[in-house]
Amino acid sequence: MQVAYHQEKLIFLPSCEREIWQQLYMASIRQEVTCIHCHSPLRMELSILQPPSFIHLHPTKECMNATMMLENKMKETSKKEDQRTEEQSSAGFQLPKRRSITTSSIDEPEIWKKPEEVRAIPPFENNSKQMTGDIHSYRRMLMEHGIFLDHNQWKAVQTTEGPLLILAGAGSGKTRVLTTRTAYMLTEQNYSPKEMILVTFTAKAAKEMKERMRLYPGLESRTLNQLMIGTFHSIFYKMLMHHEPEKWAPTNLLKQDWLRQAMIKEAGREIDLDEKDFAFDQALTQISWWKNHLLSPEHVKAKDVWEERVVYLYKRYEQMRLAKNAFDFDDMLLGLYDLLNHNDLLLKRYQQRFSYVSVDEYQDINKVQVELITMLSDRTKNLCVVGDDDQSIYAFRGSDPSYILNFKEHYPQTKMVVLAENYRSTHEIVSSANNVIHINRDRYSKQLLAQTSSNHPPLLFYPYDEEEEATMIVTDMKKKIEAGAQPSDFAVLFRTNTSARALIERFVSSSIPFQLDADGESFYRRKAVRKILAFLRLGINPDDSQALSDLIGALFLKQQTLQEVKAASITNDCSYVDALPFIQGLKPFQTKKLETLPAKFKQLKSKKPIDAITFIEQEMGFNEYVKKQGSEGNKMERGSDDVRDLKVAAKLHSTIGEFLDYIDHMTIKYEELRNQKSYSDSAQLMTIHRAKGLEYKHVYILSAVEGGLPHDYALEAWREGDDKPLEEERRLMYVAMTRAEKSLHISVPIMRRGKKAFRSRFVREIQRMAPKQSFATSSRERNLPNERINNDSRN
Ligand SMILES: Nc1ncnc2c1ncn2[C@@H]1O[C@H](COP(=O)(O)OP(=O)(O)OP(=O)(O)O)[C@@H](O)[C@H]1O
């Protein structure tokens, strides 16, 4: 159905503004959209595959007839209007175009656009090779236990001596290879578990490997228990505890972030940094990055004012930490690095003991980790590293793909095995992912090959904005679940937590069980958002003391002023807002500004939330605050973006009170979600970073637009001539795509943050078939200059 009543008005979907589709959808959930004949509630459907429509759950013949007649009449009128418009425009007038639901391929925001399949997919060549000739008895035994290994996987398993680089494409079974290789060395080659060390990237991966190895024939638990397997931190910490137990006592570990934050906040006060306004969490990440690069505060060369401040915090943090004999996770690696560097005998003993070193996820290794691994394996050089340069996505933590790319240069004797058979995804998904990643220059050229093909190429779909995107995904998922899929078959992947605000909210209101796997606070707790909300809250309650405290920084006042405002409100018997002009000791321009504020707060009350936010930005000085923050903050997160995101949410609400109630509800829900125990059968909503190493039958990727994925900060770096962040974004897209087994949906919203968006360059790359590539030469070996990629951001 295309017609319905809403708020006593007749709605004809093809001619209503696209911007209000989402509002209609939400009104339909509240049963406010009704049939034009029987007035029973209609559900609006906003889905990926079909143009929007109203659905009548129990239509009568009369309902259908009345609806059809009216639809025909509306279409007729609309056609006439069209003709008139054409005549007028040919006569020199320019009138807006009729808004109809078509399958047009033009990026016209008002028009529903049919989803597109990825077409640039080469014909599928069945790749599965028959095993011929003699099969090694161990490999045969594994097969009897249901563990199959392809030719290259087996080659990697058997290569036990000397430096070995296993270049393992996404879904190519690197976990299988690492576990089998270890099992093979222990059972077939009779190596002692005590001479082996296997480093994984996460504790979860270590646990999984151990569990898998228990299933291997002939591998006893006793042997497995003697094997040193774990993360860098767990293994190296054990060593430190063994040699210097007092210094490294667990009670001295700064385990939680807030403990570290408290220390740098204390240091921040010494240089007058505002506790509420300075990005202390970012400062900690930066400090950690320097530590992992073996840079002490004295060696850091600050690039800007922000870094200068963080260097100060770093220096003081180290002093405070040492005074308390405390240490953090980074210190564990640095501690062992120092210990081995200053104790030659000890280093030799370890080198003597560990004859075989294996490292998983080598693409994500950082400087201090590389140094330690190099030291430990230096005697035998029996170093096996497994990784995929195309999945290196942790630069912000200090990892650097150049370690895997330079491995052969570092160890000229390296044997290399490439695992290019993908056992996870269909040919259509694998080829599309190849189309994207092959554009990166700084990589080993290689092409993943799938084992199966399907008739379902990845689908690009075009929601209007973030809200519609979320609705379309939930609708699509519901349909698939009704058709037999399990909630746990699905994952929705996003670049940053903030880009998932609408999605999380839509899931909260849906019946689909889901789990959120994301770091950080709720969107509504973000600094800039909290401040705007403080304005809104004080607009309807001028005595809201929490809001006043949140607001102070945005008025360029110090937190100490808070008490002064409260005192002034008592002595002058007025609200906090009315007390603002009584603050003493300010510069004349500040006093003048504060004098105008109470009246402006009063004006806020009657405004719609979206208009109120614009008023706060333009008339109440918020734009200046954001501008100042922008020049002091970090490059990843900008307050102005958060405000634009908030406006997208605000559009769906008609009063400030209603909007604030909704936000309070969602903030509580968000906290519950973060603390909830895991359901076994639930859809997963997570950042791409969190999805690494995981696989799902159906995957949706959010916001494939310039600025979303790739992230704005990478585009800015690229414009300034630095390709590295953009290449990392491309790897993120690749990681996201290769999580999908059967279906992959990529969302390309037409609007983002209230502005017209441009489809991501990665989406354009998907549509261009990658040339066949020769295997495993790095850009250096191919003598390619690391030029800038000539890739325009426009459609
Ligand atoms: N030789 C094989 N035959 C059949 N299936 C295999 C084979 N090797 C691995 N697999 C399966 O392929 C899937 C991907 O394997 P795995 O998770 O080990 O990949 P990965 O290399 O770690 O992937 P990624 O790096 O993308 O996370 C798993 O479901 C695994 O059981």
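Which residues line the largest cavity? Glu-466, Thr-498, Ser-499, Arg-501, Ala-502, Asp-645, Val-648, Ser-703, Arg-752 and Arg-753 do so, in a predicted model where local features need pLDDT of at least 70, side-chain atom pairs count only at pLDDT 80 or more, and totals for chains, interfaces and linings use all residues. Residues are numbered from 1 along each chain as its sequence is written, and side-chain values use heavy atoms, with hydrogens and water left out.

**Cavities**

- The structure holds six cavities of 30 Å³ or more, a cavity being a set of points, on a 1 Å grid over the protein atoms alone, where a 1.4 Å probe fits but cannot get out, with lining residues having an atom within 4 Å of a point.
- The largest cavity has a volume of about 100 Å³, where a volume is the space filled by probe spheres set on grid points that are joined across faces, edges and corners.
- Two or more residues of the lining of the largest cavity come from each of α19 (501-508) and α27 (639-650); helices (H or I, at least four residues) and strands (E, at least two) are DSSP runs numbered from the N terminus.
- The lining of the largest cavity divides into two nonpolar, three polar and five charged residues, where Ala, Val, Leu, Ile, Met, Phe, Trp, Tyr, Cys and Pro count as nonpolar, Asp, Glu, Lys and Arg as charged, and the others, Gly among them, as polar.
- The second largest cavity has a volume of about 70 Å³, and the residues that line this second cavity include Arg-18, Glu-19, Tyr-464, Val-648 and Leu-652.
- For the second largest cavity, the elements giving two or more lining residues are α1 and α18 (466-482), and by class the lining has three nonpolar, two polar and six charged residues.

**Second largest pocket**

- The second largest pocket has a volume of about 630 Å³, a pocket being an open set of points with protein on both sides within 12 Å along at least five of seven lines.
- Of the 21 residues that line the second largest pocket, His-6, Gln-7, Gln-23, Leu-652 and Ser-654 lie nearest its centre.
- At least two lining residues of the second largest pocket are supplied by each of β2 (9-12), α1 (21-29) and α28 (656-675), and α1 gives the most, with four residues.
- The lining of the second largest pocket comprises ten nonpolar, five polar and six charged residues.

**Aromatic rings**

- The structure holds 21 aromatic pairs, in which rings of Phe, Tyr and Trp (its six-membered ring) have centres within 6.5 Å, with planes under 30 degrees apart counting as stacked, over 60 as edge-to-face and the rest as tilted.
- Tyr-350 and Phe-354 form a stacked pair because their ring centres lie 5.9 Å apart and their planes are at 0 degrees.
- Tyr-350, at 10% relative accessibility, counts as buried, as does Phe-354 at 1% (buried means under 20% relative accessible area, exposed over 50%, partly exposed in between, with a 1.4 Å probe and protein chains only).
- Tyr-394 and Phe-396 form a tilted pair, 5.9 Å centre to centre with 50 degrees between the planes; Tyr-394 is buried at 8% relative accessibility, whereas Phe-396 is partly exposed at 43%.
- Ring pairs link Phe-535, Phe-556, Phe-601, Phe-622 and Tyr-625 into a cluster.

**Charges over rings**

- Arg-501, which is one of the residues lining the largest cavity, lies over the face of Phe-523 at 5.9 Å from the ring centre; a charge sits over a ring if NZ of Lys or CZ of Arg is within 6 Å of the ring centre and within 35 degrees of the ring normal.
- Lys-607 lies over the face of Phe-615, at 4.6 Å from the ring centre.
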